[in-house]
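Here is a structure to walk through step by step.

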Amino acid sequence: MVDLSVDLTTTRWTVAQAAEAAQVTPNVVRNWRYRGLLTEVGRDYRDRPLFLAIDVIRAEKATREKARRTYAAA
């Protein structure tokens, strides 16, 4: 479970963590990067790309808005 109570402007997520937080598959996160919606901000000790949490949330929101999808009520 990804902790969303942290500072999202400085927290870095791997592809798997970003996918879990956005409730999408890891391939979707990779597509966001390929399409320019996400920018890699570094690499972890295993040389995996890292993304800022706030950027992941923005990419997910932009994708849903473009597809005219809405968030489900909790």
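Threonine 14 counts as buried, because its relative accessibility is 10% and buried means under 20% relative accessible area, taken with a 1.4 Å probe on protein chains only. Before going on, a word on the source: this is a predicted model, where local features need pLDDT of at least 70, side-chain atom pairs count only at pLDDT 80 or more, and totals for chains, interfaces and linings use all residues. Residues are numbered from 1 along each chain as its sequence is written, and side-chain values use heavy atoms, with hydrogens and water left out.

So where does threonine 14 sit? You'll find threonine 14 in the loop between β1 (12–13) and α1 (15–22); helices (H or I, at least four residues) and strands (E, at least two) are DSSP runs, numbered from the N terminus. Setting aside residues up to four places away in sequence, threonine 14 touches Asp44, Arg48, Pro49 and Leu50, where contact means heavy atoms within 4.5 Å.

Now for the sheet. Three strands make an open, antiparallel sheet in the order β1-β3-β2. β1 and β2 (42–43) are at the edges with a single partner strand each, so one side of each has no neighbour in the sheet. Two bridges join β1 to β3 (residues 49–52) in the antiparallel sense; strands pair if DSSP finds at least two bridges between them. Tryptophan 13 has phenylalanine 51 of β3 as its bridge partner.

Trp13 and Phe51 turn up again in the largest nonpolar core, among the residues with the most contacts inside it. This core has 14 residues, and a nonpolar core is a set of buried Ala, Val, Leu, Ile, Met, Phe, Trp, Tyr and Cys residues joined through side-chain atoms within 4.5 Å. α1, α2 (26–34) and α3 (53–66) each give two or more residues to this core, and α1 gives the most, with four.

Notes:
Buried means under 20% relative accessible area, exposed over 50%, partly exposed in between (1.4 Å probe, protein chains only).
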